[in-house]
Amino acid sequence: MKPKTILTLALCVIGVAGCATRTSDSEAERAVAEMIKASFKTRGQASVDRLKQDEVQALCSKHAGELPKDASDAIEKAQQATIRYPSSGKLIGDWRQGERIAQSGTGKQFTDDPARPAGGSCYNCHQLSKQELSFGTIGPSLYQFGKLRGASETVQRYAYGKIYNAQGYSACSNMPRFGHNGILTEEQITHLVALLLDPDSPVNK
Ligand code: HEC
């Protein structure tokens, strides 16, 4: 056989085999969802309901985080509209309490008492202070956040809103939506805003 014929034959085989085993995207998605569902069991407050993606998460998964601009603008607008600011109007709480919340990685696991307040585990993704030796780098460093940006009302509202619902500012953010998903209370978020903006906080030293 001439080399060209062999090549053509080989391509045919690959092509046919490919056609015969090809599953549609939706079938593959269903199979993956089933596999994930079969791997988890509800234990206490850690329920398998958490596997259900809301509309925004489903869209972001579908586009692997690369949404068309008009879709991401629409998500950010809708997610910003969910942000609830404290009725007192006071967005800056106590940075000392904020530091404890930022450093605490407890809450929402089946081993945690659901009656106790959850932590924010901010250090898992962000550098917060100079003293901190171990921190995650999924998110940008927040060291000197207030020193660099000031503490104007706009900055306060942005910091509060970002922690409440990160997807209001970045449609497919990997940061948990702490207020929106009921992980942290409004008051806890004001303590974190203080941690980021108060000049006395270790973040701004
Ligand atoms: C799972 C990782 C993760 C955790 C946990 C996390 N963040 Fe983030 N955060 C990110 C990522 C990623 C970004 C940057 C992308 C974006 O804008 O969403 C970010 C961005 C931010 C920003 C905006 C920074 C800027 O330059 O404008 C602030 C403020 C922030 N995070 C605060 C917090 C606080 C406070 C906590 C704890 C309550 C926290 N984050 C927990 C991942 C995380």
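Select the shell around the ligand: its residues divide into 13 nonpolar, seven polar and two charged. Ala, Val, Leu, Ile, Met, Phe, Trp, Tyr, Cys and Pro count as nonpolar, Asp, Glu, Lys and Arg as charged, and the others, Gly among them, as polar. This is a predicted model, in which local features need pLDDT of at least 70 and side-chain atom pairs count only at pLDDT 80 or more, while totals for chains, interfaces and linings use all residues. Residues are numbered from 1 along each chain as its sequence is written, and side-chain values use heavy atoms, with hydrogens and water left out.

**The ligand and its surroundings**

The ligand is surrounded by 22 residues, where a residue is near a molecule if one of its heavy atoms lies within 4 Å of it. The closest are Cys-122, Cys-125, His-126, Tyr-158 and Met-175.

From His-126, a polar side-chain atom lies 2.8 Å from a nitrogen atom of the ligand. In Tyr-158, a side-chain N or O atom is 2.5 Å from an oxygen atom of the ligand. In Lys-162, a side-chain N or O atom is 2.7 Å from an oxygen atom of the ligand.

Now colour helix 6 (145–149), helix 7 (153–164) and helix 8 (186–197), each of which supplies at least two residues of the shell. Helix 7 gives the largest share, three residues. Helices here are DSSP runs (H or I, at least four residues), as are strands (E, at least two), numbered from the N terminus.

**The whole chain**

Zoom out to the protein chain, which has eight helices and zero strands. Of its 205 residues, 32% count as buried; buried means under 20% relative accessible area, exposed over 50%, and partly exposed in between (1.4 Å probe, protein chains only). Among contacts (heavy atoms within 4.5 Å) with a separation of 6 or more, 58% join residues 24 or more positions apart. The chain exposes about 13400 Å², of which carbon and sulfur atoms supply 56%. These areas come from the Shrake-Rupley method with a 1.4 Å probe, and for residues only the protein chains shown count as cover.

**Helix 5**

Select residues 95–103, which form helix 5. Which of its residues are buried? They are Trp-95, Gly-98, Ile-101 and Ala-102. These residues cover an arc of only 110 degrees around the axis, so they sit on the same side of helix 5. The arc is that of the directions from the helix axis to the C-beta atoms. The face turned away from the buried side carries the exposed residues Arg-96 and Arg-100. What covers the buried residues of helix 5 includes helix 8. At the start of helix 5, look at Asp-94: one of its side-chain oxygens reaches to within 2.9 Å of the backbone nitrogen of Arg-96.

Go to Gln-188, in helix 8. Gln-188 is buried, with a relative accessible area of 10%. A polar atom of its side chain lies 3.0 Å from the backbone oxygen of Ala-118. Not counting residues up to four places away in sequence, Gln-188 touches Ile-101, Pro-117, Ala-118 and Ile-183.

Then select Asn-165, in the loop between helix 7 and helix 8. Is Asn-165 buried or exposed? Its relative accessibility is 0%, so Asn-165 counts as buried. Its side chain makes a polar contact with the side chain of Thr-82 (2.9 Å). The residues that Asn-165 touches, leaving out those up to four places away in sequence, are Gln-79, Thr-82, Ile-83, Arg-177 and His-180.

Asp-112 comes next, in the loop between helix 5 and helix 6. Asp-112 counts as buried at 15% relative accessibility. Gln-45 is 67 residues from Asp-112 in sequence, and their C-alpha atoms are 8.4 Å apart in space. With residues up to four places away in sequence not counted, Asp-112 touches Gln-45, Thr-106 and Gly-107.

**Two positive phi angles**

Finish with two residues in the loop between helix 5 and helix 6, Ser-121 and Gln-144. Ser-121 is not a glycine, yet its phi is positive, near 40 degrees. At 22% relative accessibility, Ser-121 counts as partly exposed. Gln-144, also not a glycine, has a positive phi of about 65 degrees.

Key:
A polar contact is a pair of N or O atoms within 3.5 Å; within protein, one must be able to donate a hydrogen and the other to accept it, and residues adjacent in sequence count only if both atoms are side-chain atoms.
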